[in-house]
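Please keep the sequence and the structure in view while reading.

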Amino acid sequence: MKRDRFARRFLTGIGSGAVGAAVLALVRAPWPLPMDAALLAHVTGLLAGYLVAVMVILMSRMPVLDRRIGSDTLARWHGKGGRIFLILVLVHAGAAVQSWADARQEGILSSMLDVLGLPGLATATLGTALFIGIAVISIRAARRKLSYETWHGVHLLTYLAIALSFDHELAGPNLAGVHPLQIGWSLLYAWAFALVLRYRILAPVGNLWRHRLRVEAVIPEAKGVASIILAGRHLAELQAESGQFFRWRFLTARTWRSAHPFSLSAPPLDNEMRITVKALGTGSTLLHSMRPGTLVFAEGPSGSMTARKRTQPSVLLIAGGVGITPMRALFETLEHRGGRITLLYRASSEQDVVFDRELRSIAHTRGAEIIWMIGRSSEPANQLTADNLRRLVPDVAQRDVYLCASPALSTAVRRGLSQAGLPPHRLHEEVFDF
């Protein structure tokens with residue numbers, strides 16, 4: 001609940017900033033206020049400029065936001081913000097041209113050419129074209145055809161698009177010549193980019209130097225699944241927790257371009273961490289052949305799916321396939337609080353089960369419970385419906401539930417838990433996507 005309150009307050013702050021940005025359109029506006037294309041252009045332009053800074057902050061990986069809101073939630077907000085931003089930019093451009101045409105009694109085409117000749121407009125238009133291109137490749141249908149590396153590389157052009165547009169923002173009629181407003185606007189952008197520099201570049205580089213994280217061993221776990229043991233020093237300083245993930249970049253000629261978001265599959269130690277990887281594509285398959293001694297660039301920890309989110313004495317952990325990785329770490333470390341800790345593990349076959357011995361040992365040592373659901377998903381007994389969940393875990397609606405599974409299984413589990421009466425705020429999960 002504290003996390004939800006923090007998120008609501010954060011969104012309220014963003015909304016208040018948006019209102020403030022829109023009010024700037026009244027600077028130098030005539031009175032009575034004309035409800036015309038010029039006002040629409042000013043309001044949408046200021047809101048679009050403000051929203052750019054907000055979206056940069058959302059993706060800065062600032063620890064307090066990552067831990068208290070969650071990387072997946074921030075990414076969803078960023079995606080929605082991107083769609084709103086694109087609409088604002090297009091409306092701003094159209095309204096600005098229309099306003100110019102109305103003021104000079106010219107046609108739209110000639111007005112467009114005139115507007116492009118104004119200071120900063122040519123570069124701003126180029127920036128807008130970049131924003132549109134990035135938005136197009138971010139559409140889910142287009143994104144699925146691209147590798148993560150290609151998509152991410154193109155997405156980095158956003159920073160160039162922002163730079164191309166910034167001069168136009170400061171030279172706009174609402175900020176031009178009003179030095180306190182120009183300074184405040186510039187400081188907002190400076191802060192947003194300082195966060196990116198601090199947490200996406202300097203912190204990981206500093207961690208590489210400080211902790212000297214290297215591959216120690218690669219251990220096969222199950223069919224197509226291997227654990228990578230990572231050794232380092234002073235790792236406790238990272239304050240990583242079970243349930244969290246890092247973005248791992250293995251520094252070899254073939255893998256350095258890819259940053260993989262993998263959860264810790266064991267509680268972190270002061271000199272060792274472990275991740276477990278399933279070979280699902282070229283990038284993850286290459287990780288199975290990492291040589292001992294390979295340097296690892298780790299960005300994190302990230303994620304809020306930790307013990308901090310727990311509100312109830314009893315907990316149910318639901319894992320599907322390789323989604324067992326964060327659940328295994330939580331299964332070992334969640335405190336007993338007078339309730340029960342249950343792991344429900346869904347796998348298609350015995351060969352797909354990961355950490356069989358470890359899980360049984362943890363359950364025996366801690367007095368916890370494992371429910372195995374092995375077999376085809378088409379079999380009624382292996383479907384995570386409300387009836388099956390209540391049958392297997394009668395008090396499921398009174399527990400906290402942690403979930404990590406494939407998108408299809410996660411959707412089925414959410415539906416089953418909802419029908420079983422679990423309040424939405426007690427379902428904890430994070431979705432890795434791009």
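Which residues make a nonpolar surface patch of about 470 Å²? In this predicted model, the patch is made by Ile108, Leu109, Met112, Leu113 and Leu116.

**Surface patch**
- The relative accessible area of Leu109 is 61%, and because the cut-off for an exposed residue is over 50%, Leu109 counts as exposed.

**A buried arginine**
- Arg200 lies in helix α10, residues 179-211, and is buried yet without a salt bridge, the nearest side chain of opposite charge being that of Glu299 at 4.2 Å.
- The side chain of Arg200 does reach the backbone oxygen of Met59, at 3.0 Å.
- Beyond its neighbours within four places in sequence, Arg200 is in contact with Met59, Ser60, Arg61, His152, Tyr159, Leu195 and Glu299.

**A buried loop serine**
- Ser265 sits in the loop between β4 (260-263) and β5 (272-278), and is buried, with a relative accessible area of 0%.
- Setting aside neighbours within four places in sequence, the contacts of Ser265 include Arg274, Ile275 and Thr276, as well as Thr325, Arg328, Ala329 and Phe355.
- Ser265 and Ile228 are 37 residues apart in sequence, while their C-alpha atoms are 9.6 Å apart in space.

Technical notes:
Residues numbered from 1 in each chain as written. Predicted model: local features only at pLDDT ≥ 70, side-chain atom pairs only at ≥ 80, totals over all residues. Heavy atoms only, no water. Helix = DSSP H or I, 4+ residues; strand = E, 2+ residues; numbered from the N terminus. Buried < 20%, exposed > 50% of the residue type's maximum accessible area, 1.4 Å probe, protein only. Contact = heavy atoms within 4.5 Å. Lys, Arg positive; Asp, Glu negative; His and termini not counted. Salt bridge = Lys/Arg side-chain N within 4 Å of Asp/Glu carboxyl O. Polar contact = N/O pair within 3.5 Å; in protein donor to acceptor, adjacent residues only side chain to side chain. Patch = residues over 30% accessible without salt bridge, like charges linked within 9 Å, V, L, I, M, F, W, Y side chains within 5 Å. Areas by Shrake-Rupley, 256 points an atom, 1.4 Å probe, with all protein chains shown as cover.
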